[in-house]
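Please open the model in your viewer and keep the sequence panel at hand.

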Amino acid sequence: MTDTTTLSAPAGSTERPIIEHWVAGGPWSGASERSGPVFDPATGEVQKLVRFAAPGDVDHAVRVAREAAETWRDASIARRQQVLFAFRQVVHTRRDELARILTSEHGKVLSDAHGEIARGLEVVEFACGLGHHTKGAYSENASSGIDVYSLRQPLGVVAVISPFNFPAMVPMWFFSIAIATGNAVILKPSEKDPSAANWLAAAWTEAGLPAGVFTVLHGDKTAVDGLLEHPDIQAVSFVGSTPIARYVYETGTRHGKRVQALGGAKNHMLVLPDADLDLAADAAVSAGFGSAGERCMAISVVLAVDTIADALVDRIAQRMAALRTGDGTRGCDMGPLITAEHRDKVTGYVAVAEQDGASVVVDGRGIEVDGDPNGFWLGPTLLDRVPTASAAYREEIFGPVLSVVRVGGYEEGLDLINAGVYGNGTAIFTNDGGAARRFQRDVQVGMIGINVPIPVPVAYHSFGGWKASLFGDAKAYGVHGFEFYTAEKAVTSRWLDPSHGGVDLGFPQHT
Ligand code: NAD
């Protein structure tokens, strides 16, 4: 995590704006003196500071949210729908503003920031159908004169803890459905790019959401632990790296909460000899280097069958030569990495792969960029013949580094994918329908693309991986989202009349 500074004496940073929490419908400072720096990754400068919550701040925010949840749960479905529609409209109309915030703190290029907003809004739009998704079932006359029905109720206050790589979309995946179902939400966004959360909070206020239903609490581990241990938080949705996801799942469930914790990834794309190699190369480059590889659904490894591997590597390298890396506001293809520390970590993996015997076909180290030289840059990098024993193959890199591993055929490729610890996304490129069908059956991964490199499901299907990519039973959004944020009750009801008299100690049977 980022080193913290003290707000009262931040080293050389007294003039920088402070990003405050958002509690009870507006900015709130809380009592904590701790803060962290927010960089502009394209210049390397600290542009703002963000407040880090103390345990007492967590208590206050939860108290406010709990009171708001009591009223919001009684808002009619029609009223909640109106607020969601209005929120969707505010974000859609002012998406340029939000996209600029994303680019300035995350570094992703503007077109990519717009894509992130569009995919987040998709879930808001899906959540607008809450009337349909929360209606229960009714069985008339389940037994003579007895009706049985089910209903779904909100949980109360729920927490969303999000990663740096999608500061708008990932929170929207969760809070849209949580709010639609009548809960109050406390969002703890990444401390690396926290402004989008406050912008979204202001959008909720503009849309007419009552104060306290949506809270933003900024911070680090202290804030996360405060939420995980708080008795009035009913559920936690987490997205981030696998070690933290595991920790959040174990801590949250130990404290009696529902937890869905989405973790890291190492996504493989298997290219069979019958694939269209130009389309496969386009896909590998788009999915490998979009958002500088800082996507949990990025393609990290291309498994190329030996007979076509040279041709595929050539095509990928040709396309990479045309990519422009630089400031996300200048129409470049790829922006900087999130921090200098992360850039150095990613660069370290390139060196490790080289030492382990991989060849660096395209080297992004020391690349010329269209931007400030102090930004956190690493150009697109292509590694070939990466040994599967190398840490560069086994570990999540989360940067613009695409590794090619050559395999003898389909079986060897499948075995490698299934041997991995992660199971988030994968793709197969082939024109053989039978092979694709076998792949979707046999691969141990939660989201599969058939000639689609980034298979992020649409909002009415759910998003989530397998193995170390998801802890918990519930995926994000779709039907899983509605189930996760509501508790089901089953009611058995009879309207008494004299014919129902008489004592019977036997277990109820149906007549
Ligand atoms: P991260 O795990 O460092 O941080 C995620 C959240 O956890 C942040 O809000 C952060 O403040 C908090 N956190 C960090 N350290 C903590 C600690 N020790 N205790 C408690 N909380 C802590 O992840 P990141 O670097 O922000 O995001 C990148 C990671 O997220 C990658 O591993 C990526 O694959 C993963 N990711 C997964 C998905 C998915 O859907 N599976 C989606 C996006 C990102």
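Which residues lie nearest the centre of the largest cavity? Select Gly-293, Arg-295, Ala-298, Ser-300 and Phe-398, which hold that position among the 15 residues of the lining. Please note that this is a predicted model. The space inside the largest cavity amounts to about 110 Å³. Its lining comprises seven nonpolar, five polar and three charged residues. In total, three cavities of 30 Å³ or more are counted.

**The two domains**

Next, colour the chain by its domain assignment: domain 1 covers 5-263 + 469-490, and domain 2 covers 267-450. The centres of domain 1 and domain 2, taken over C-alpha atoms, are separated by 31 Å. Where the two domains meet, 22 residues of domain 1 are in contact with 25 residues of domain 2.

**The largest pocket**

Now select Phe-164, Lys-192, Gly-240, Ser-241 and Ile-244. These residues lie nearest the centre of the largest pocket, which is lined by 40 residues. Its volume is about 1,100 Å³. To display the elements around the largest pocket, select H6, helix H8 (221-229), strand E12 (233-239), helix H9 (242-254) and helix H12 (340-355), each of which gives two or more residues to the lining. Which element gives the most to this lining? H9 does, with five residues. By class, the lining of the largest pocket consists of 21 nonpolar, eleven polar and eight charged residues.

Why does the largest pocket lie between the domains? Both domain 1 (5-263 + 469-490) and domain 2 (267-450) give residues to its lining, so the pocket lies between them.

**The nonpolar cores**

Select Trp-173 and Phe-214, the residues with the most contacts inside the largest nonpolar core, which has 67 residues. Helix H6 (residues 169-180) supplies the largest share of this core, ten residues. This core lies between domain 1 (5-263 + 469-490) and domain 2 (267-450), because both give residues to it. In soluble globular proteins, nonpolar side chains tend to be buried together.

Keep Trp-173 selected and display its surroundings. Leaving aside neighbours within four places in sequence, Trp-173 is in contact with Val-123, Leu-262, Phe-463, Ala-476 and Tyr-477. Another core, of 59 residues, lies apart from the largest one; Leu-272, Ala-309, Ile-316 and Met-334 are among its members.

**The second largest pocket**

Move on to the second largest pocket, with a volume of about 460 Å³. Select Ile-146, Arg-494, Asp-504, Pro-508 and Gln-509, the closest to its centre of the 19 residues that line it. Strand E7 (138-143), strand E8 (146-154) and strand E24 (486-494) are the elements that give two or more residues to this lining. The lining of the second largest pocket divides into six nonpolar, eleven polar and two charged residues.

Select Val-148, which is found in strand E8. Is Val-148 buried or partly exposed? Val-148 is partly exposed, with a relative accessible area of 27%. Apart from neighbours within four places in sequence, Val-148 is in contact with Ala-137, Tyr-138, Ser-139, Ala-142, Val-491 and Thr-492.

Then select Asp-384, found in strand E17 (residues 381-384). What is its relative accessible area? The value for Asp-384 is 5%, so Asp-384 is buried, buried meaning under 20%. Neighbours within four places in sequence being left aside, Asp-384 is in contact with Val-313, Ala-358, Ser-359, Val-361, Val-404 and Arg-406.

Finally, select Asp-432. Where does this residue lie? Asp-432 lies in the loop between strand E20 (425-429) and helix H15 (433-442). With a relative accessible area of 36%, Asp-432 is partly exposed.

Conventions:
Residues numbered from 1 in each chain as written. Predicted model: local features only at pLDDT ≥ 70, side-chain atom pairs only at ≥ 80, totals over all residues. Heavy atoms only, no water. 1 Å grid on protein atoms, 1.4 Å probe; cavity = no way out; pocket = protein on both sides within 12 Å on 5 of 7 lines; lining within 4 Å. Points joined across faces, edges and corners; volume = space filled by probe spheres on them. Nonpolar A, V, L, I, M, F, W, Y, C, P; charged D, E, K, R; others polar. Core = buried A, V, L, I, M, F, W, Y, C linked by side-chain atoms within 4.5 Å. Buried < 20%, exposed > 50% of the residue type's maximum accessible area, 1.4 Å probe, protein only. Helix = DSSP H or I, 4+ residues; strand = E, 2+ residues; numbered from the N terminus. Domains from an automatic or database assignment. Contact = heavy atoms within 4.5 Å.
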